[in-house]
Amino acid sequence: MNFLRGVMGGPSAGPQPSGADTIQKLCDRVASSTLLDDRRDAVRALKSLSKKYRLEVGIQAMEHLIHVLQTDRSDSEIIGYALDTLYNVISNDLEEEEQEENSAKQVDDLGSQFTEIFIKQQENVTLLLTLVEEFDFHVRWPGVKLLTSLLKQQGPQVQQIILVSPMGVSRLMDLLADSREVIRNDGVLLLQQLTKSNAAIQKIVAFENAFERLLDIITEEGNSDGGIVVEDCLLLLQNLLKNNNSNQNFFKEGSYIQRMKPWFEVGDDNCGWSAQKVTNLHLMLQLVRVLVSPTNPPGATSSCQKAMFHCGLLQQLCTILMATGVPADILTETINTVSEVIRGCQTNQDYFASVNAPSNPPRPAIVVLLMSMVNERQPFVLRCAVLYCFQCFLYKNQKGQGEIVSTLLPSTIDATGNSVSAGQLLCGGLFSTDSLSNWCAAVALAHALQENATLKEQLLRVQLATSIGNPPVSLLQQCTNILSQGSKVQTRVGLLMLLCTWLSNCSIAVTHFLHNPANVPFLTGQIAENLGEEEQLVQGLCALLLGISIYYNDNSLDNYRKEKLKQLIEKRIGRENFIEKLGFISKHELYSRAAQKPQPSFSSPDHMMFDHEFTKLVKELEGVISKAIYKSSEEDKKEEEVKKTLEQHDNIVTHYKKVIREQDQELEELKQRINTLTSQNEQLQATVTQQVSQIQQHKDQYNLLKVQLGKDAQHHNSHGDTLQMNGIQTEEVSKLKEELEEWKNKHELLQGQLKEKDSVIEKL
């Protein structure tokens, strides 16, 4: 015992060999001592040395410590020491000074190697799961920490062992119900590691009522005002929901979306938010985005979007959007979140269009946001977020697109100048001196025209006043004028993307563009030149625009017919050179990055070149333009003929569709008539049956009276009375005969009507 006191409480253990010898002696005591107290003291001593002599304790003592866990289950104290020692050996959470002494790589390797040794025998992990079930604090808490550390080091392998262990995941779920906060909180951290990138475990955890328990903890801790525990719960919820469609559906069906609404209740005074509150709100917003991410299946996203509108969550987010004093990064993330909640959902988009900012006079939220987008003093990430919000508002929203374009048309512009419209802000941004504003406005306007041929034609009517005394020019003309003035690359890329979107699938816009004699020479000149790498992108887009002008050309301008434009390319540029320049777009690194996801996210303003929707257009058109360039005039004629034939075919199909629709309508009416006649027929049948029954009754009465008359005729005792009675009976009989005749006639009439109805029904 004195020896142990010397090890634990005396002076330093000395140089490394002495420490190793001491550890060896302690291991021998753990292995050979018959007294529990002796073994317990030896394990306690190993625990005190395990941080400083991690390698030695790990190599020499691990086997003995595992044996203690197996054999000394009855003594919680020794089990606790053994678990703590193993944790110190396996965990890489070293103190700062130790991290300075060891390189991070060596530390990582050590923890990983010891974990590998520990989990080699799967029974060790199963044993640890059993110990975690113990209620004793000195066993359960170190057990949770050790298991968390094992998962950090060798996640997939440990996950697999727990997954195949009977009730393995379920046993760990009980940690969330522990009344001791330190165990519950560490249990959340354990489940975070357990659920990382493992869909099977995520599903089990979700079906073990994890959502209910975690949301309860978040509420108990004060929602966004809570501490780091709220942050940990939110990270675990993200693990369970991200890219897991089954869990997302379970979350929605369980009405848990409704429980998220109180998270976003903010007061009027939003100054002085703590760093933890900002972190919590950030994670809460990200959790909403996980449920409505554009990468989720469309049906799942749509149902979550509807649920968020009906429970008032979208309205709450819009309140934060328009509130004052909200930190910039929370405002940016809120804009991104609102964007994805409204994306492609007509109800939510309509609601967003109706939101007004609390200004005097009130302005639409869209207008206020666009002001930020075209303001160069605003942070770059905020401007990107507003652009994304505008894109999501217009995504699959023809009504919204029409409202934006209408603010540019001459008849709807506010002549008094009292209010600024969305269209005016976009035009202002398009022609400002800030290249980032030019790009954002051009992309925003392109989204207002996306897949909407009617609006592309309407936008051709927009006239701009350039300067006093000069006649107004069209928006299309002004775009090409700025393009030819040699502005910044970012501005030109933005304008070219707008023009390509505008002209694609719109022959009238192509004709307007070609009508300006300066446009085609400018494009051919740009494509033909051998310019630097930065200009190659502009050359590629010029080639695309010229290709669109050929592919969607209706040959209405003699000087710029398809064949003449192709001859011009052959003469000035060369077909191979043209196709090579066209290929510059899709080969560009920034193009590949933009094609990955709808949200515009750029590391710096200089990288802001391509829009996600535009990359889809390039993908669609690159091949068809390449083919169109190589087609001969005869092939073009054939294609035109095929197009005309297809149009005729479409017209015939449309005509037959109309005929079928009319016939369907007639059939529906006839079905209704049949139903009416059938019900009338049934009523008549019932009436006939009733009348047959009445006739039968009258026949019976008649026969009865007949019998009575026969009997009465035999009696001559009172002749006068008989005569009188016979007179009365004769009258009754004649009356009954008349009634019977009348009923017979009615019966025949009804039978006739019935036959007519039957023949009508048969005919129908």
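**Packing of H26 and H29 in a predicted model**

Student: How do helix H26 and helix H29 pack?

Tutor: In this predicted model, helix H26 (residues 435-449) and helix H29 (residues 489-503) pack at an angle of about 10°, and their axes are 8 Å apart. Axes are lines fitted to C-alpha atoms, for helices over the stretch in contact, and angles run from 0 to 180 degrees between N-to-C directions. Helices are DSSP runs of H or I with at least four residues, strands are E runs of at least two, and both are numbered from the N terminus.

Student: Roughly parallel or roughly antiparallel?

Tutor: H26 and H29 are therefore roughly parallel to each other; angles under 35 degrees count as such, over 145 as roughly antiparallel, 65 to 115 as roughly perpendicular and the rest as oblique.

Student: Which residues make the contact?

Tutor: Among them are Trp439 and Leu449 of H26 and Met497 and Trp502 of H29, contact meaning heavy atoms within 4.5 Å.

Student: Changing topic, where is asparagine 348 found?

Tutor: Asparagine 348 is in helix H21 (residues 346-354).

Student: Why does asparagine 348 count as buried?

Tutor: Because its relative accessibility is 0%; buried means under 20% relative accessible area, exposed over 50%, partly exposed in between (1.4 Å probe, protein chains only). Leaving aside neighbours within four places in sequence, asparagine 348 touches Gln305, Phe309, Leu314, Val341 and Ile342.

Student: How many helices and strands does the protein have?

Tutor: The protein has 38 helices and 4 strands, and buried residues make up 48% of its 764 residues.

Student: Which conventions apply?

Tutor: Residues are numbered from 1 along each chain as its sequence is written, and side-chain values use heavy atoms, with hydrogens and water left out. Local features need pLDDT of at least 70 and side-chain atom pairs count only at pLDDT 80 or more, while totals for chains, interfaces and linings use all residues.
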